Amino acid sequence: MKIIVCLKQVPDTKGGVQFNPDGTLNRAAMLTIMNPDDKAGLEAALRIKEQYGAEVTVLTMGLPKADEMLREALAMGADKAILVTDRLLAGADTWATSSTVAAAIKKLDYDLIITGRQAIDGDTAQVGPQISEHLNIPVISYAQDIKIDGDSVIVQRQYEDRYHVVKASMPCLITALSELNEPRYMTPGGIFDAFEKEVTVWTRADLTELDDANIGLKGSPTKIAKASDKVRKGAGETVNLDPDEAVAYLMGKLDEKHLI
């Protein structure tokens, strides 16, 4: 079995975020981490590898510094790593990103693709399903449990108050929740081996099936009107009321703001 795990290097928001003049994130200037949902997807792939036998390839589109995240994935147990990087790809929205990543995946053999549900810097949950559309394969999103059954996958798909059990034939794509599992730590031996391995680097020129109209900032139909860092909250309002008055006060405020 061949599994591709799509990863994204995202800003560590604890250290604050910075923006370019065009409203896009200044990723080169920020501390970064592996996106949590993607990391859970990687752990799921590694558990499948241990249980059923599989080759796990991690793939990302990003800056050259994303090499460090890919080596973290190799240190966790991934077998191969691919970095898609080119200035022409910068500023991509979800459509341009999924188009580029799908073009890279088309160069590979795969049975199963795992992505995170969404990235913490955009929270769109669009890239995974869009990749499946580009590849014309089934998608099961919001996975909270994954099992392999022959040439099919059986997934518990999370809903607000329940889950659905969905079965799909491979090849297919699954988007993973961070609650899917507890990702493992890198081992000292794994870290040593990761820096002995080669990370394959592809540029725009390597993606022969990719249309220039669908890449980078110019190929992104989503335009940013305004961007800012964390919204500062006001001091709020403090009142001292007995229980009955407090209920009436809260109901009045909710009604005033048209929430009820």
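Is cysteine 172 buried or exposed? Cysteine 172 counts as buried, at 0% relative accessibility. Keep in mind that this is a predicted model.

**Cysteines**
- Looking for disulfides across the whole structure turns up zero.
- Cysteine 6 can't pair up because its sulfur sits 13 Å from the closest cysteine sulfur, the one in cysteine 172, and that's too far for a bond.
- For scale, a disulfide here needs the two sulfur atoms within 2.5 Å.
- Cysteine 172 is likewise in no disulfide, with the sulfur of cysteine 6 as its nearest cysteine sulfur.
- Cysteine 6 is buried, at a relative accessible area of 9%, and cysteine 172 is buried at 0%.

**Threonine 60**
- You'll find threonine 60 in strand 4, which covers residues 55-61.
- Setting aside neighbours within four places in sequence, threonine 60 touches Leu7, Lys8 and Gln9, then Ala66, Met69 and Leu70, and finally Ile82, Leu83 and Val84.

**Helix 6 and what follows**
- Helix 6 takes in residues 243-256, 14 residues in total.
- From first C-alpha to last, helix 6 reaches 20 Å, close to the 20 Å expected at 1.5 Å a residue.
- Histidine 258 follows helix 6 and has a positive phi, near 60°.

Technical notes:
Residues numbered from 1 in each chain as written. Predicted model: local features only at pLDDT ≥ 70, side-chain atom pairs only at ≥ 80, totals over all residues. Heavy atoms only, no water. Helix = DSSP H or I, 4+ residues; strand = E, 2+ residues; numbered from the N terminus. Contact = heavy atoms within 4.5 Å. Expected span 1.5 Å × (residues − 1). Buried < 20%, exposed > 50% of the residue type's maximum accessible area, 1.4 Å probe, protein only.
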